[in-house]
Amino acid sequence: MERKDQRGHPLLRGGRRKSRYTHGFSSAQIQSLAAICETLVPPLPLDTINHSKGSSADQLAALQAFYKASGADPPLPDEVAELMVKRGQPKVISFVKVVLTVLSFRLGTLLLCGWLSCDWTWPFIHKFSEIPLGRREQILMKWSRHVQQRLPLRAVFALIKTYCLFIFFSMIDEKSESPSWKAIGYDVDNRQKRAYPEGRRPLQKGIIETMQEDDSTFVQSLTEKGLEVVEDQEHNVYKIKCDVVIAGSGCGGGVAAAVLASSGHKVLVIEKGNYFAAEDYTSLEGPSLSELYESGGILTTMNGKFMIMAGSTVGGGSAINWSASIKTPKNVLEEWSMDHKLPFFGTSEYELAMDAVCKRIGVTENCTEEGFQNQVLRKGCENLGLKVESVPRNSTENHYCGSCYLGCRTGDKKGTDSTWLVDAVGCGAVILTACKAEKFLLMNNNGARRGKKCLGVVATSLNTNLTRKLQIEAKATISACGSLLTPPLMISSGLRNPNIGRNLHLHPVLMAWGYFPEDASGIKGKTYEGGIITSFHRVVSEESNAHAIIQTPAVGPASVAALSPWVSGRELKERMVKYSRTAHLFALIRDRGSGEVKEEGKIRYRLSEVDKENLKIGLRQLLRIMIEAGAVEVGTHRSDGLRIKCQGLTDESLEEFLDNVLVVGGVTSKDEHWTMYFSAHQMGSCRMGATEEEGAVDENGQSWEAEGLFVCDASVLPSAIGVNPMVTIQSTAYCISKKIAELYKE
């Protein structure tokens, strides 16, 4: 892997494509796709531009270029096709190709678009790319409202809309710039990055980046790190021996590595993502999401209802999360210790673990200066007489960073990659990057209570220059792949406990927005500046029943455009011009419903009726908060772009508007309106249980089926917790790994 320069790591720089396209779309399909992209992002007349009187010549020129820009401009359609094939579900992409092919014919367009494809002049019926732009816009809106039957045109619309708008606002040139950014008031974070002496990145002592290795160098690299390696040419594997092997380096794996390495064990961590330090980060939304997140930040449930964010780099979610460091709520600990019969969650041992975790990751309680969105939340709550609480963070109190979700360039945020894993490599641990666990090595356990025994894990480097698999043999094996990947790994290894892959909780989220023109509200800053989460509000009923919490997200321009409702090309551009002063708040619930993930990438989830009601209450409350903070307009992410102007708004009109704010279904629902749900926290899919009927692992984190196999990530949590889970995951991992160290004490 090429080393970085002052512009950041090559993988995080982006820029125009140098390789050929491999999407496999025909020229006719690309023509239809380009026509859809042009409809989504249309070129607009310059005389319609809305701009303030004080706009500079440069700003006006940027606005003119932005309004003239088209989604059909090369290479955008090919980039959309390429990303869809790379990230989309194969069956869905196949159907999209069929639709695009049908649209390349006149009769096919008539079938899918109806009378809007017709004209009074020859040839009377037009193929999609020949239809006037205004009518194409009507067709897409018709598709958006289309109730799913035999032809899921709504899903085709939603898919292409998401990819097209994401690429339009994230695509950059060789200078790492986008022509749209100046028009929408966006600047990439360019604060001074933390630099390290050459070869002295925090984990350099213990890291082996397999993307830089080949068969001629790999064995030497391993042996230099103190590992015992044998090349088994007959079975085409590298046999590696250690005391403990850990799959995953996030909140669970990082803590376990530190605890066990400091206990004298030789620890090997395998991580399918790559390693980046503060000086590597670029804060560029497109390449950073692609490299640092699972499925490039575009991972959905099977029905497309939830967009799921999960880390996929050294440090896992802790490298890209929003810094919130909240201890496990007391009511949750009581529930787990009493109702779930897991007493250790009610012990001083767990309390001390939380203290140790908070100390190691440098948790602070206050914030010196809040950013734009958190000011909105705090002001709105205070004006309504609602309690607003400060959020502890694993950073300094003056950490004013809105781009930590793309990697913390100052190194101030303390993820596992700069704390626990540093401790681990300091005690001799080794980390293999771009190395994916395939299955656990299981054998029969000769009539023991646990029918199998785990001897290690088989893994593969994502580098094709390493032609042999890795067979890592260890006394203890830990799965810390996260709630989305630990269950598929266990199931594909032959484990059959019915709790594996079930009980998946997502902390469902719905977002809404409010527009605050410059100087109109007295709130300073821009939406992408300042600490991401520094305050929050608990939505509690008069009976003290918790419904939701309200917090602020990190959403770059590409994500906002892709995930917000599209109602017309003009509305898109007018809304995005207001991006820098548009606040987003979200309602997050402690979900009672659950889902499952038994195969990699195949996530299913269903909200309970209680969940829907709590989301509705939270969504209505956050709209009230933004109105009271001084928004001139607020709206939801519902597909029809539901919104209301706030100036002169009466209480009666507000209540009428809020009565129409409902929790609708996802893209595949049978309702006319739909929305996109979000999840940044996944937990419970290999939950801890007092018995094997109640959980996939016991109170020590050990599999009920396989001796020597432990789980040390968010999947062991017995239920959702209702707040940001980082401290809970790390504290649970701390306790489990302490028990493993005691169990394997020499």
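The legends below describe close-up views of a predicted model.

Residues are numbered from 1 along each chain as its sequence is written, and side-chain values use heavy atoms, without hydrogens and water.

View 1. Strand 9 covers residues 430–433; strands (E, at least two residues) are DSSP runs numbered from the N terminus. Val-430 and Leu-432 point one way, Ile-431 and Thr-433 the other, and all are buried, meaning under 20% relative accessible area with a 1.4 Å probe, protein chains only. Strands pair if DSSP finds at least two bridges between them. Strand 1 (residues 207–209) runs parallel to strand 9, joined by three bridges, and strand 5 (residues 267–271) pairs with strand 9 in the parallel sense over four bridges. Thr-433 stands opposite Glu-209 and also opposite Glu-271.

**View 2. The ring pair Trp-181 and Tyr-186.** The whole structure holds 23 aromatic pairs, counted for Phe, Tyr and Trp (six-membered ring) with centres within 6.5 Å; planes under 30 degrees apart are stacked, over 60 edge-to-face, the rest tilted. Trp-181 and Tyr-186 have ring centres 5.4 Å apart and planes at 80°, so the pair is edge-to-face.

View 3. Phe-344 and Tyr-350 form an edge-to-face pair, 6.0 Å centre to centre with 75° between the planes. Phe-344 is buried at 5% relative accessible area, and Tyr-350 is buried at 0%. The charged end of Lys-739 sits over the ring of Phe-344, 4.0 Å from its centre (NZ of Lys or CZ of Arg within 6 Å of the ring centre and within 35 degrees of the ring normal).

Notes. This is a predicted model: local features need pLDDT of at least 70, side-chain atom pairs count only at pLDDT 80 or more; totals for chains, interfaces and linings use all residues. Buried means under 20% relative accessible area, exposed over 50%, partly exposed in between (1.4 Å probe, protein chains only).
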